Amino acid sequence: ISAERIIEDHESVMEVLSGWGMDTDSRLYFRKNYAKYEFFRKPLDFFPDHMVSISSEMNGTVDHSQLIQTFLESSSCPEIHGHLHAKELSRKSWKKSYFILRRSGLYFSNKGTSKEPRHLQFFASFSDSDIYTILSDKKVHGAPSDYGFCVKSTKCSSARDLKLLCADDEQTRTCWITAMRLLKYGAQLYKNYIQPHQKQKASPMRSISENSLVAMDFSGQKSRVIENPSEALSVAVEEGLSWRKKSCHRLSTHGSPSTSQSLASSISLHVGQSWFHGKMSRDDAQRLITQQGLIDGVFLLRDSQSNPKTFVLSLCHMQRIKHFQIIPMDDEGEVLLSLDDGHTRFTDLIQLVEFYQLNCGVLPCKLKHHCTRVTL
């Protein structure tokens, strides 16, 4: 079975390895996971209203901070509920049932959506189990969709003992897996989340010499200090873009090259960037972004497969991946790149990425986290 799970920051890698056994085909690999703790920042994006019930003690209302707090406290827990497909033991068929997740474990109802104790049947607990995301569930296991996951006991020695589940969409699967992680590890996950931020606060972000620097405006007859932070930022961006445009222009016009030569010079500037993935298919781009976190601003750039002279920006927004074509344009012999039909033009992809890291423009959000290649 092809499955994977996050090794939490507090877990010992050696203990995880020792639990796999000598005859397993398991392995470790490392990649970015920008969504690992995103539920602490935007919990309501991970827990849709229709899947969460709050205990009567909280009067049925909850805000962003309270929702996570109910998971972390042993005396309370929001109830996660909804339909899931479960693979029946020793059979190839899948059965859709109404599942309920509580602190005591995962249950399913044998009578519609009833939550009465007499209708609930125990399915799994998490104190001695791990939650895995299943890869290619639909193709390999005949599942109703590709959004599979499973509960694996730490004492489980055979794939036949895995408890396989399948959701109808990615958001539903993310909700279940996130809730199970919170129930299993509780407050330890929050400690893992805040520890890097505490270290950042303890160390000074800027040196004394950096703090003494000020933004200056030399455009008039007299120089002046720019005190408005927004104006200082815009001036810095403008100077940076102007410098890059001049340098790239020198590269692209050296020796009066043709348009194709100018484009080749532009291409050579970004091939070494970690966000550029060359000849990558649309499906592979979506798979890589999904692996590294479906949060706003995760992106990569690649060559277009449908048009070899253009590029594509693949960007995640609202847990959906969108693809934007970057088109080269001939402007009096100089090749410029644009995302918005020429309204905003750039001399190379590096300049384009730097601009959209600071501005949304035609994009639904800014570029925040770039995807890096995964080496298995």
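So, Arg-118: its relative accessibility is 63%, so it counts as exposed (exposed is over 50% relative accessible area, buried is under 20%, partly exposed is in between, with a 1.4 Å probe and protein chains only). Its salt-bridge partner is Glu-116, with the closest N and O atoms 2.9 Å apart; Glu-116 is partly exposed, at 38%. By salt bridge I mean a side-chain nitrogen of Lys or Arg within 4 Å of a carboxyl oxygen of Asp or Glu.

Bear in mind that this is a predicted model, where local features need pLDDT of at least 70 and side-chain atom pairs count only at pLDDT 80 or more, while totals for chains, interfaces and linings use all residues. Residues are numbered from 1 along each chain as its sequence is written, and side-chain values use heavy atoms, leaving out hydrogens and water.

The whole structure has 14 salt bridges. Take Lys-36 and Asp-9, with 2.6 Å between the closest N and O atoms. Both sit in loops, Lys-36 between H1 (13-18) and H2 (38-41), Asp-9 between E1 (3-4) and H1, so the bridge ties together parts 27 residues apart in sequence. Helices (H or I, at least four residues) and strands (E, at least two) are DSSP runs, numbered from the N terminus. Lys-36 is buried, at 14%, whereas Asp-9 is partly exposed, at 45%.

There's also a network of salt bridges linking Arg-5, Glu-11, Asp-130 and Lys-184.

Now, helix H11, residues 282-292. Which residues are buried there? Ala-285, Leu-288, Ile-289 and Gln-292. Down the axis of H11 they fall within an arc of 95 degrees (taken from the directions from the helix axis to the C-beta atoms), so they line one face. After H11 comes Gly-293, with a positive phi near 120 degrees.
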